[in-house]
Amino acid sequence: MGRDHTMRTARLGLLLALALILGYVETLVPLPFGVPGMKLGLPNLAVLLTLCLFGSREALSVNAARVCLAAFLFGSLSSLLYSLAGALLSFLVMAAVKKNPRFSVTGMSCAGGIAHNAAQLMVAALVTETAQILYYIPPLLFCGCLTGFCIGLVCRGVLASLGGAKGGRGNGSGRAEGRL
């Protein structure tokens with residue numbers, strides 16, 4: 001059991017590092033749209049991989065640790081709260097959708113992207129105390145779906161290459177055929 005636990009911890013550490021790196025890379029890629037807050041959602045790849053390969057508890061841990069570390073390293077307390085709202089709702093939606101066998105990892109990712117943008121938009125409306133910011137709902141929800149779809153396709157490909165894909169959703173056993 002000691003070696004399995006050590007390998008599991010190391011793999012989760014690698015997924016957390018991947019999420020942090022992808023979050024940093026995301027800040028370097030400006031999107032050519034005039035909508036504030038629109039991002040690619042690259043860190044969600046690591047969260048989705050964790051959810052499919054390990055399960056909900058581990059994915060929540062990786063997601064929360066990523067948000068906290070990124071805020072402490074590159075942001076502020078307000079960025080922590082803003083990011084945590086989006087990450088938490090996105091995770092909860094993806095974990096719920098994962099239970100429905102009709103959804104693939106791509107569908108889980110789309111739902112997560114939409115939920116993430118919706119949560120952050122609601123927090124922004126509360127902080128600014130104005131409903132006018134909700135004007136951005138259509139483009140942000142469309143972007144969340146589009147980027148979620150793309151991240152879901154990448155995740156599906158990674159899962160297939162790791163041998164951890166079972167219907168495009170991962171096997172949930174925490175093992176990726178020894179290759180992660």
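Start by selecting Phe74: with a relative accessible area of 54%, this phenylalanine is exposed (exposed means over 50% relative accessible area, buried under 20%, partly exposed in between, with a 1.4 Å probe and protein chains only). You're looking at a predicted model, where local features need pLDDT of at least 70, side-chain atom pairs count only at pLDDT 80 or more, and totals for chains, interfaces and linings use all residues. Residues are numbered from 1 along each chain as its sequence is written, and side-chain values use heavy atoms, leaving out hydrogens and water.

A search of the whole structure turns up two aromatic pairs (Phe, Tyr or Trp rings, the six-membered one for Trp, with centres within 6.5 Å; planes under 30 degrees apart are stacked, over 60 edge-to-face, the rest tilted). Tyr24 and Phe74 make a tilted one, 5.8 Å centre to centre with 35° between the planes. Tyr24 sits in helix α1 and Phe74 in helix α3, 50 residues apart, so the pair links distant parts of the chain (helices are DSSP runs of H or I, at least four residues, and strands runs of E, at least two, numbered from the N terminus).

Next, pick Tyr135 and Tyr136. Their ring centres are 5.8 Å apart and the planes lie at 70°, so this pair is edge-to-face. Tyr135 is exposed at 66%, while Tyr136 is partly exposed at 25%.

Finally, head inside. Select Leu48, Val105, Met108, Cys155 and Leu159: of the 26 residues in the largest nonpolar core, these touch the most other members (such a core is a set of buried Ala, Val, Leu, Ile, Met, Phe, Trp, Tyr and Cys residues joined through side-chain atoms within 4.5 Å). Colour α2 too, which gives the most to this core, with seven residues.
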